[in-house]
Amino acid sequence: MRYKAIFIDIDDTILDYIPCCREAFDAAIAEIHQNSSDALFDLFFSISGRLFSEAKHGLHTVAEVMELYPQEFCERAGYPPEAVDPFKHAFRAAWGMTHTLVPDAKEILEALHAKGYRLFAASNSFGHLQRSRLVQAGVLHLFEDTYISMDIGYDKPDVRFYEEALRRCNLLPQDVLMVGDSMTTDILGAQKAGLDAIFFDRRGERIKDEGVKGLKVISSLPELLTLL
């Protein structure tokens, strides 16, 4: 095998981010005794999406984003200040139980595991929440370890995230392939750390590959097996 291990992003690579987000959002809205709607979810999703995008470019840490988007959402939705903390905590609690899988995710993880690849989850979030979601999805046992930014101490695309992950699994950059859906955090970040990477463009929204050398792209997870 060319690679000994594969680092795999979680959201929008293994777990389907949008339905998971909506499920947690609906639970959080119910907690503050409001009615959910598509318009409210769209507002929430746009705020969190903007802030996470800014974090990818170093304007915030992921930990800061986790505090900022509930506050901005409640303010813009017209909810009182005392709603912010209950909404935030309810969203996180519900998020830890969401587990809608991307199509073919479990089957491909099982196939990679059976082929002898060491698998590691690599994600920006709270470690306990992401591990809980992988347990709920029935796939945590397929991963040798989970490298989550809040545990690692650095957020992707910081090279130090990848360096620390490599140190923990005792592998060299050339031994590891990174697979993920973010050109910034998963592809450029991994390549800067010396890893090969494959961009998972599952929604057909390929963005500029500026600065990415020898970019490999898949639109479904089964395609990954053909590139190994």
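**Close-up 1. What helix α8 packs against.** The buried residues of α8 touch β1, β2, β3, α7 (149-152), β4 (176-180) and α9 (183-192), where contact means heavy atoms within 4.5 Å. This is a predicted model: local features need pLDDT of at least 70, side-chain atom pairs count only at pLDDT 80 or more, and totals for chains, interfaces and linings use all residues. Residues are numbered from 1 along each chain as its sequence is written, and side-chain values use heavy atoms, with hydrogens and water left out. Helix α8 covers residues 159-169, and its buried set is Phe161, Tyr162, Glu164, Ala165, Leu166 and Cys169. Buried here means under 20% relative accessible area, exposed means over 50%, and partly exposed is in between (1.4 Å probe, protein chains only). Helices (H or I, at least four residues) and strands (E, at least two) are DSSP runs, numbered from the N terminus. Just past α8, Asn170 has a positive phi of about 60°.

**Close-up 2. Strand β2 and its two partners.** Five of the six residues in β2 (residues 118-123) are buried, so the rest of the structure largely encloses this strand. Strand β1 (residues 5-8) pairs with β2 in the parallel sense over four bridges, and Ile8 has Ala121 of β2 as its bridge partner. Strand β3 (residues 145-148) also runs parallel to β2, again over four bridges, with Phe120 opposite Asp145 in β3. Two strands pair if DSSP finds at least two bridges between them.

**Close-up 3. Helix α6, between β2 and β3.** Together, β2, α6 (residues 127-137) and β3 form a right-handed β-α-β unit. A crossover is right-handed if, with the strands pointing away from the viewer, the path from the first strand over the helix to the second runs clockwise. Which residues of α6 are buried? They are Gly127, Leu129, Gln130, Arg133, Leu134 and Ala137, and their cover includes α1, α4, β2, β3 and α7. Just after α6, Gly138 takes a positive phi of about 80°.

**Close-up 4. The largest pocket.** This pocket has a volume of about 1100 Å³. It has 41 lining residues, and the closest to its centre are Asp12, Tyr17, Phe52, Lys56 and Asp181. Elements giving two or more residues to the lining are α1 (17-31), α2, α3 (62-77), α4 (84-95), α6, α9 and β5 (196-200); α2 gives the largest share, seven residues. By class, the lining has 16 nonpolar, twelve polar and 13 charged residues. Ala, Val, Leu, Ile, Met, Phe, Trp, Tyr, Cys and Pro count as nonpolar, Asp, Glu, Lys and Arg as charged, and the others, Gly among them, as polar. On a 1 Å grid over the protein atoms alone, a pocket is an open set of points with protein on both sides within 12 Å along at least five of seven lines, a cavity is a set where a 1.4 Å probe fits but cannot get out, and lining residues have an atom within 4 Å of a point. Points are joined across faces, edges and corners, and a volume is the space filled by probe spheres set on them.

**Close-up 5. The largest cavity.** A search of the whole structure turns up one cavity of 30 Å³ or more, and the largest cavity holds about 40 Å³ of space. Its lining includes Ile8, Thr13, Val179 and Leu221, while helix α5 (residues 105-114) supplies the largest share, four residues. The lining divides into nine nonpolar residues, one polar and no charged.
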